[in-house]
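Trainee: I have a model to go through with you. Can we take it feature by feature?

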Amino acid sequence: MKRFGMFASALLLGTMLAGAAQAKTLVYCSEGSPENFTPAMNTTGTSFDAARPLYNQLVEFERGSTNVVPSLAESWDVSPDGMTITFKLRPGVKFHSGVNGFTPTRDFNADDVIWSFDRQWKPDHPYAKVSGGAYDYFNDMGMPDLLKSIEKIDDLTVKMTLNEPNAPIIANLAMDFATIASAEYADFLMKKGTPEQFDQIPVGTGPFQFVAYQKDAVIRFKAFDDYWGGKAKIDDLVYAITPDNTARYAKLKAGECHVMGYPNPADLEAMGKDEAINLLQQAGLNIGYLAMNAQKPPFDKKEVRQAINMAIDRDSILKEVYQGAGQKAKNLIPPTIWSYNDAVTDYEYNPEKAKEMLKAAGVENLQSDLWWMPVQRPYNPNAKRMAEMMQADLAKVGINAELKSFEWGEYRKRLQAGEHQMGLLGWTGDNGDPDNFFFLRGCDAQGTPASQNITKWCNKDFNDMLFQARKLSETADRTKIYEQMQVLQKEEAPDVTIAHSTVFEPIRKEVIDYKISPFGRHEFYGVDIQE
């Protein structure tokens with residue numbers, strides 16, 4: 001049965017590609033299955049990529065760029081004090097029909113905007129707890145404290161009032177958590193008694209509409225004829241879910257997919273020489289790191305964390321794991337982003353000094369865990385190998401690290417809960433603003449770490465500067481603060497900053513106008529295939 005299923009899937013993809021003369025089909029070899037199709041509930045690129053063809057935000061990033069452009073909002077006005085943003089909504093925007101019998105009776109309007117934010121914000125919202133009700137991004141971006149009100153002025157006007165000015169707010173609203181969903185669809189499902197379908201059978205305003213999803217196998221979309229931006233150039237979009245990067249490459253070479261994500265660094269040279277493939281590349285807006293849980297002894301001592309920074313040979317990791325495709329990371333933010341502080345002094349690789357520091361801190365023969373990610377990411381193409389190299393380095397200074405891993409969703413859930421002592425993770429920026437990296441080490445006013453802060457390190461000075469910078473409108477003023485934050489973070493050493501990788505994306509030569517995203521997104525509206 002399994003063999004037949006694999007053959008049928010391959011035959012389906014082959015038939016789609018062969019029939020491209022009748023209907024243009026683009027196949028993307030993705031690396032994993034989404035958790036659901038509601039971006040507000042997710043934090044991973046895998047799930048965001050799966051939902052992105054279906055939806056829009058009020059504002060969006062221009063494809064291949066960090067520029068914010070109008071989307072469901074045609075325009076917006078910010079008050080002189082920065083406390084009020086008034087959005088003029090785009091008229092005539094249509095919602096998709098659902099494969100479960102839903103047919104929209106009205107166009108997109110202000111009710112959908114209010115509904116989408118209130119679901120994440122208001123505990124009494126009818127969908128607040130549907131599908132678990134975790135809205136980590138909304139919370140980690142400080143939206144509950146930042147928002148004072150969101151009001152409907154009329155069907156095509158929404159006023160957002162803040163409790164304080166926030167410099168990154170417009171860029172933040174272009175992120176996936178700020179996706180706008182259909183309030184009418186939600187009401188339809190609630191009346192049917194099947195509200196959980198909202199997150200699994202998606203309805204949006206995006207350029208493609210949902211057709212079908214088979215977990216760990218395939219997601220199918222079709223172009224939405226009534227898309228407000230004009231019908232997509234391709235007719236059908238298929239995500240062929242292929243977790244192994246070697247298998248993805250084999251499918252790309254065989255013409256079974258047109259675009260693949262997260263190539264194996266060892267394959268890059270061959271990809272570059274393949275006449276059927278264009279190998280796109282650019283400096284990554286990312287960071288790969290080892291987080292130390294600062295709430296678990298002895299990692300609560302900065303001297304121990306500093307010693308671990310000195311114990312790990314990052315140059316060897318860069319050479320073997322990244323195949324030289326990147327640069328050693330000194331700061332949390334990459335050097336391609338404004339406010340990068342190159343004057344920060346990095347830790348040297350010095351195992352002898354590390355041993356001395358550990359001994360002085362009263363730490364000898366330490367038993368620890370070291371968690372490694374079960375997926376490939378641009379910021380970490382081979383976490384298992386990286387963990388093995390770190391394990392060997394740590395053994396040299398008297399730390400016995402047990403390697404552990406879990407399924408990707410479980411892995412992140414347990415890291416966020418702080419079950420680890422040491423764990424590998426990373427980040428690809430969402431909006432081009434430094435705040436989008438610094439919030440990874442942020443905490444709330446009560447000293448509770450943000451869900452993405454898996455170091456569990458809370459430093460009042462760092463946190464005060466983080467919130468202060470958000471209130472300032474001038475880039476130069478924010479830069480001064482961010483430079484100080486980088487010095488403080490390096491001194492406190494809650495993590496080992498490993499690498500900012502170069503991002504590579506191989507696509508077949510017949511793909512036209514695919515643009516590599518600075519945010520690691522895979523976007524297919526605007527892409528064409530040469531017949």
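Trainee: In which loop is K456 found?

Mentor: First, the ground rules. This is a predicted model, where local features need pLDDT of at least 70, side-chain atom pairs count only at pLDDT 80 or more, and totals for chains, interfaces and linings use all residues. Residues are numbered from 1 along each chain as its sequence is written, and side-chain values use heavy atoms, with hydrogens and water left out. Helices (H or I, at least four residues) and strands (E, at least two) are DSSP runs numbered from the N terminus. K456 sits in the loop between α15 (435-438) and α16 (460-470).

Trainee: Is K456 buried or exposed?

Mentor: Buried means under 20% relative accessible area, exposed over 50%, partly exposed in between (1.4 Å probe, protein chains only). K456 has a relative accessible area of 8%, so the residue is buried.

Trainee: What is the phi of K456?

Mentor: Most residues other than glycine have a negative phi. K456 is not a glycine, yet its phi is positive, at about 55 degrees.

Trainee: D216 also has a positive phi. Is D216 buried or exposed?

Mentor: D216 lies in the loop between β8 (208-214) and β9 (218-223). Its phi is near 65 degrees. With a relative accessible area of 52%, D216 is exposed.

Trainee: Which residues does the cis peptide bond join?

Mentor: Most peptide bonds are trans. Here omega is about 0 degrees, and the cis bond joins P297 and P298.

Trainee: P298 lies in the loop between β13 (286-292) and α10. How do α10 and α12 run relative to each other?

Mentor: Axes are lines fitted to C-alpha atoms, for helices over the stretch in contact, and angles run from 0 to 180 degrees between N-to-C directions. Helix α10 (residues 302-311) and helix α12 (residues 351-360) pack at about 160 degrees, axes 8 Å apart. Angles under 35 degrees count as roughly parallel, over 145 as roughly antiparallel, 65 to 115 as roughly perpendicular and the rest as oblique. So α10 and α12 are roughly antiparallel.

Trainee: Which residues does S47 touch, not counting those up to four places away in sequence?

Mentor: S47 is in helix α2 (residues 45-51). At 1% relative accessibility, S47 counts as buried. Contact means heavy atoms within 4.5 Å. On that basis, S47 touches P34, E35, N36 and N42.
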